[in-house]
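Have the coordinates open as you read.

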Amino acid sequence: MEEFHYDPLPIDSDTPVIRLVTLLPGYNSSIECTLTQVSLLDRPCYEALSYCWGDASKRQTIVCNGRTLSITESLYNALRRLHDEHTVLWIDAICIDQSNDAEKNQQVPLMKNIYEAASLVLIWLGPLPIGNRSGLGVVRSLLNAKNAQEAQDDHRSWLVLTDAERKDYGLPGLLKSVTDPAYIAFANLLEQAWFTRVWIIQELAVSQDAIVIEGRHNQCSWTDFITAVDYAEKMKIPPFWETYGPTISIRNIERARLNIKNGDGTPLLNLLLFYRRFNATDLKDKIYALCGLASDAGPDDLAVRIDYKIKTADSYREVAIQMLRKGRYLDILSVPRVPGHSKVGPLPSWVPDWSVSDLSTSLRSTTVPWFNFNATPKDAAYTLSQSDDKSVIGLAGEVIDNVSEVGDIYIDSTIGHNTRIQRFKGMAKHEAAFNSWEKIAGVHSGTKYWPTGENILDAYWQTLIMGNASDKYDATKQQFHQWKRLHPARIPNLLSSNWLRWMNLPVGLYVSISGLKAAFGHGYQHGPIVAFSKKLETTLHRRLFKTTKGYIGIGPRSLQKGDAVALFKGGMVPLVIRSLRDKWELIGDCYVHGIMHGEAYSAHMCSVLWIA
């Protein structure tokens, strides 16, 4: 049988033409389909598949228009599951000629419209794992438990319910909670690769309706799925303690859907920051996949050019330049940098490398409501200059101080530590970071912090949380002192099943739950220690520093002694830069206590600083 070849689409036409797959009925071992061209203007009836491509080296063959077509094993498994119930589909790997960059450039901008127009989006999470237990099997039980609790106006978590109450609500008891296969299967399901793909954000966000499918006979609506996930995480049922990261990612996916539903526009930079940890096979898609959701990516604003023929580094640079030219502030320079780990080759330091993930929080992030700094005036417009080769930019700014001391990096002590010894080492590093910070800041000196006149300890705790004013000053101060009293443990993440593995299961559960109740009290979810610990999340993967003049601040993890702290017109937050003789390297943004609201800025002292 001959190999399938695509008939070209009318790329230059104003009519949005796409291809649709029609799966042919049959129960034999082969999958057969036809591929036809249709116009979106004709409102064709079809469903759209959302799935993970999987390992590209694992291939299967189907028959398309009477000829053989090679697809990934992941897609092949999906088609075998769908072909009896869902016949007309849009599938990216088949409906777009992936070997034709010109066609991809034309079709990718249509993908928002394609998923919007689909009658249903099918989320394929893959076949059942070994053991044949579906992760979706527990969804109905969780929904029933949630409804039962709400009927009783009971807002307590699983941790504080008695075993009898758990049983009444249909929830697992104390000893069964971490061994129940149904709950374990659901927790494992949240680790599926689909939840990490950047393209699925748009695919789900713009959908009219969506269902989640696993294996041959298991499915539920997306609404039921996200409700069950949210309930399980909030209840802190033990199998979900360790899925804190995945449940956050899932809620972030849902957030995009709600923003679209509510008509809330989101700038591209905010989307790039928010979904930076999601993955893409083609690293240009880290940007392109979010353009359809962005309020400012269109031709009248950033005018992002979808071009699969250019290098990924060039696409990143193009977008950065457009953001600097069109933006009111220098927010693109506050994107956390990850030096030395690029997957796309060398980039100027002012160009964010979206190919790598970073857990740091930008001080210009709109997802953190108290990040409302104006270290330079909001009306201080900047002028952008560029070198002839476009690799160096010039901006008006002033170096106000230099870094004299640098503390350790604050990391989550429970991440990436698989053995007991590694976990204790992680906790030791966690504790060492705060010890080094207290020493650098001189918190036990009893002196005043000269830039503000405050007691040094008060300046220190405000620096730790980078000016978080979400609670009143006195309340936050009390939270800090209660948190500090647990100094030997810091309780970096008591809600982690890592603690259970340090000891046998029943004892581990008892110690963990008893510890939570003792530390946080009956309302542990809203206790002062948890409140301050949550404020510290924006400081993760940063380090405390002190300057020559005596300022203390929180800076990027690659900060070094001798780096400069600078203020730029339009910058809104201080930036750390490193001398390259006649130019500067951008290291990242920083919080400096006492200058975040214009106290150190002087417009007449600014001159052009060139950043390479």
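A residue counts as buried here when its relative accessible area is under 20%, as exposed when that area is over 50%, and as partly exposed in between. Keep in mind that this is a predicted model.

**Helix 9 and what follows**

With that cut-off, the buried residues of helix 9 are Trp222, Phe225, Ile226, Ala228, Val229, Tyr231, Ala232, Glu233 and Met235. How does the span of helix 9 compare with what its residues should give? Helix 9 covers residues 222-235, and at 1.5 Å a residue its 14 residues should span 20 Å; the C-alpha atoms at its ends are 20 Å apart, so the two agree.

Just after helix 9 comes Lys236, with a positive phi of about 60 degrees. That is a positive value in a residue other than glycine. Lys236 belongs to the loop between helix 9 and helix 10 (244-262). Is Lys236 buried or exposed? Its relative accessibility is 9%, so Lys236 counts as buried.

**Helix 15**

Helix 15 (residues 456-464) is mostly covered, with nine of its nine residues buried. Among them are Asp458, Tyr460, Trp461 and Gln462. Past the helix sits Met466, whose phi is positive, near 50 degrees.

**Another positive phi**

Asn65 is not a glycine either, yet its phi is positive at about 50 degrees. You'll find Asn65 in the loop between strand 4 (59-64) and strand 5 (67-72). Its relative accessible area is 39%, so Asn65 is partly exposed.

**Gln107**

Now for a polar side chain on the inside. Gln107 sits in helix 3 (residues 101-107). Its relative accessible area is 0%, so Gln107 is buried. What does the side chain of Gln107 pair with? A polar contact of 2.7 Å joins it to the side chain of Gln106. Leaving aside residues up to four places away in sequence, Gln107 touches Leu9, Val17, Ile18 and Ile96.

**Empty space**

Rolling a probe the size of a water molecule over the atoms shows where empty space is left. In this model there are three cavities of 30 Å³ or more. Strand 18 (residues 583-589) gives the largest share of the lining of the largest cavity, namely three residues. On the open side, there is the second largest pocket, with a volume of about 440 Å³. Trp53, Trp199, Thr281, Asp282 and Asp285 are the lining residues closest to the centre of that pocket.

Here are the two spaces side by side:

| Space | Volume | Lining residues | Lining by class |
|---|---|---|---|
| Largest cavity | about 80 Å³ | 14 residues | four nonpolar, five polar, five charged |
| Second largest pocket | about 440 Å³ | 20 residues | ten nonpolar, five polar, five charged |

Which residues lie nearest the centre of the largest cavity? They are Pro336, Arg337, Ser360, Pro556 and Arg557.

How values were computed:
Residues are numbered from 1 along each chain as its sequence is written. This is a predicted model: local features need pLDDT of at least 70, side-chain atom pairs count only at pLDDT 80 or more; totals for chains, interfaces and linings use all residues. Side-chain values use heavy atoms; hydrogens and water are left out. On a 1 Å grid over the protein atoms alone, a cavity is a set of points where a 1.4 Å probe fits but cannot get out, and a pocket is an open set with protein on both sides within 12 Å along at least five of seven lines; lining residues have an atom within 4 Å of a point. Grid points are joined across faces, edges and corners, and a volume is the space filled by probe spheres set on the points. Helices (H or I, at least four residues) and strands (E, at least two) are DSSP runs, numbered from the N terminus. Ala, Val, Leu, Ile, Met, Phe, Trp, Tyr, Cys and Pro count as nonpolar, Asp, Glu, Lys and Arg as charged, and the others, Gly among them, as polar. Buried means under 20% relative accessible area, exposed over 50%, partly exposed in between (1.4 Å probe, protein chains only). A polar contact is a pair of N or O atoms within 3.5 Å; within protein, one must be able to donate a hydrogen and the other to accept it, and residues adjacent in sequence count only if both atoms are side-chain atoms. Contact means heavy atoms within 4.5 Å. The expected span of a helix is 1.5 Å times one less than its number of residues.
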